[in-house]
Amino acid sequence: EHKETRLLNLWLKQYHSESLQWKRVRLGWAATPDEARLYMVAMRWADAIFIENNEVNIVEAKLRPDAGAIGQLKQYKDLFKLTPEFSAYKDYQINLILLANEVVLDIVELCSKEGIKYEFYQFPEQLTE
């Protein structure tokens, strides 16, 4: 299992196990890879989406977060509203979460400016090997 996937799965299990959730979620309007090729649409995949308190939470998990992850999350927010499978939630507030295994201060600061929650989650020791 990929370490970022493990980070995400452990965090979701510990803090959001009761929430409606999807992992490795395709966002946007192209329904199939063939349609994406036809219309030259880049397929985007969020690491996870979960619903809590009538709010949508879009998560990107990174072992070493960088500014690119912030751009990804902002794009996911726009694409979420265009994704037919999530039309039932299109009027919900959307929260963006950057889940990270380390604290990178300039990225924490950038997240704060962009209204993105920076979620630090440390692997349990026995799982870091």
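Reader: In strand 2, which residue is the bridge partner of lysine 23?

Author: The model is predicted, so local features need pLDDT of at least 70, side-chain atom pairs count only at pLDDT 80 or more, and totals for chains, interfaces and linings use all residues. Residues are numbered from 1 along each chain as its sequence is written, and side-chain values use heavy atoms, with hydrogens and water left out. Helices (H or I, at least four residues) and strands (E, at least two) are DSSP runs numbered from the N terminus, and two strands pair if DSSP finds at least two bridges between them. Within strand 2, the partner of lysine 23 is alanine 48.

Reader: How many bridges join strand 1 to strand 2?

Author: Strand 2 covers residues 44-52 and runs antiparallel to strand 1. Leucine 27 has arginine 44 of strand 2 as its bridge partner. The bridges that join strand 1 to strand 2 number seven.

Reader: Which residue in the hairpin of strand 2 and strand 3 takes a positive phi?

Author: Strand 2 and strand 3 pair in the antiparallel sense over five bridges; isoleucine 51 has valine 56 in strand 3 as its bridge partner. Two residues lie between the strands of this hairpin. The positive phi, near 50°, is taken by asparagine 53.

Reader: Which strands are the edge strands of the open sheet?

Author: The open sheet has five strands in the order 1-2-3-4-5, with mixed pairing. Each edge strand pairs on one side only; these are strand 1 (20-27) and strand 5 (117-120).
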